[in-house]
Amino acid sequence: MKKLAALVAVLCVALMLGACAKEEKKEPQVLKLGSLSPLTGPYAADGNDIANGARTAIEVIKSEGGIPGFDDITLVAQDSACDPRQAVAAANKLINEKVVGVVGAYCSSSTIPASETLAEQNIPMLTPASTNEKVTERGLKYMFRICGRDDDQSVVAVKFMTDYLKAKTVFVVDDKTTYSQGLADNVEKLAGEKGLEVLMHDHVNQGDKDYSAVLTKIKSMNPDVLYMSLQNSSSGSLMAIQAKRMGITAKIIGQDAVYHPQLMEIAKDAAEGIFLTFGYIDVDKPAYKKFIGAYEPKYGQPGAYSGYAYDAAYTLLKAIKEAGSTDPAKIREKIMAMDYEGASKHIKFMENGDSGSNYIIRVVKDGAFANFWDPATGKTY
């Protein structure tokens, strides 16, 4: 009996120690940040740039000490495919993953419905790429935009046509997406107001490979400018190649969706001399150097929206860190109080969630993008 009692006592002690060990072992606290962008399909280059920009911000925040109360920060990247229905489904997945905020999306046609889904749960969303005006004009309390707006971008494009190129005629083409057609409509309207004759505003379809029909019209009308409002750089590259092959001499102006290193990789010499509207980035400032130093070793040359996505994610994480909370209202309060130098631009938000536009004209020169014309001064760089 004594031996049995001793054995029972040993087992009890062992069980108590095991219970204590279990109590002491805590589950790691992981902060989840979400991203929404096209990770597959024709817009995957830009979409992966966005996800990688967000990942880079996470790594930088970790290197700066992380966020108190959390053992790790991870990115939950979802594929929006630039499809409104898939974007909503992806937003619901992020909600189920209990993300504290979302960086995305790319296409305005995806950002708009996805943001409404996220708004039901008061989840902050910062878009690095959706420029359609409606994104921040719907009264959504937790919707913010890092990049500029189409109504500002179109002003710069038309100003460049009239003030610098001294153009008299323009042919406008878009691919019917919410973003590209909205921007093209703005350009058409403004051109008319400035006395610039719009010879035609025509449309192509997403995914088209042959643009001979619209380019034949352009060739016959011989405009001073071809305004190319397309959803991505691969479409812009194909149109540039085919325009050059047909002997079209119009100056080509693209927009921020066409602005991507892929433009030169695909179009090669056909890309030379193409003008584009894009936000001014000071590559010499410390914030940009910190971003590029963390981004390039892992992901190579940044795409058009890598820096904007980095700033979107960094702003969200910075707000959480300063708030000491993941409560949406407290995060929003800190976001609205932001006033700091980001990698892509100065970060300060207006009441509607916009952070301002700083578009300039860039040009493809010797196979690379170069600053060309400043609309504020009317001077070349």
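Where is alanine 105 found? Alanine 105 sits in the loop between β3 (102-104) and α4 (108-119); here are some notes on that spot and on the rest of the chain.

1. **Ground rules.** This is a predicted model, in which local features need pLDDT of at least 70, side-chain atom pairs count only at pLDDT 80 or more, and totals for chains, interfaces and linings use all residues. Residues are numbered from 1 along each chain as its sequence is written, and side-chain values use heavy atoms, with hydrogens and water left out.

2. **Overall picture.** The protein chain has twelve helices and 15 strands; helices (H or I, at least four residues) and strands (E, at least two) are DSSP runs, numbered from the N terminus. The C-alpha trace spans about 110 × 40 × 40 Å along its principal axes. Of the 381 residues, 53% count as buried, where buried means under 20% relative accessible area, exposed over 50%, and partly exposed in between (1.4 Å probe, protein chains only). Taking contacts (heavy atoms within 4.5 Å) between residues at least 6 apart in sequence, 70% join residues at least 24 apart.

3. **Backbone details to look at.** Lysine 98, in the loop between α3 (84-96) and β3, has a positive phi of about 60° although it is not a glycine. Lysine 98 counts as exposed, at 68% relative accessibility. Lysine 268, in the loop between α9 (262-267) and β10, has a phi near 55°, again a positive value in a residue other than glycine. Lysine 268 is exposed too, with a relative accessible area of 56%.

4. **Two domains.** The chain is divided into domain 1 (31-147 + 283-357) and domain 2 (151-273); such bounds come from an automatic or database domain assignment. The C-alpha centres of the two domains lie 29 Å apart, and 18 residues of domain 1 are in contact with 16 residues of domain 2.

5. **The interface.** The size of an interface is often given as the accessible area lost when the parts come together. Between domain 1 and domain 2 the buried area is about 1,400 Å², of which carbon and sulfur atoms give 46%; buried area is the accessible area (1.4 Å probe) that two parts lose on being put together, summed over both. In domain 1, Tyr43, Thr131 and Glu133 lose the most area to domain 2, together 31% of what that side buries. The count of salt bridges between the domains is zero, taking a salt bridge as a side-chain nitrogen of Lys or Arg within 4 Å of a carboxyl oxygen of Asp or Glu.

6. **Cores.** A nonpolar core is a set of buried Ala, Val, Leu, Ile, Met, Phe, Trp, Tyr and Cys residues joined through side-chain atoms within 4.5 Å. The largest one has 100 residues, and Tyr106, Met161, Val214, Tyr227 and Met239 have the most contacts inside it. Helix α11 (residues 306-323) supplies the largest share, ten residues. Both domain 1 and domain 2 give residues to this core, so it lies between them. A second, separate core of 17 residues includes Val76, Ala87, Val99 and Val135.

7. **The eight-stranded sheet.** This open sheet runs in the order β7-β6-β8-β9-β10-β13-β14-β15, with mixed pairing; two strands pair if DSSP finds at least two bridges between them. The edges are β7 (197-203) and β15 (379-380), each with a single partner strand, so one side of each is left without a neighbour in the sheet.

8. **Strand β10 and its partners.** Strand β10 (residues 275-279) pairs with β13 (residues 359-365) in the antiparallel sense over five bridges, and phenylalanine 278 has isoleucine 360 as its bridge partner. With β9 (residues 251-254), β10 pairs in the parallel sense over two bridges; there, phenylalanine 275 is the bridge partner of isoleucine 253. Five of the five residues of β10 are buried, so the strand is largely enclosed by the rest of the structure. Phe275, Thr277 and Gly279 cover one side, with Leu276 and Phe278 on the other.

9. **Leucine 226.** In strand β8 (residues 225-229), leucine 226 is buried at 0% relative accessibility. Beyond its neighbours within four places in sequence, leucine 226 has contacts that include Phe171, Val173, Ile218 and Ile252.
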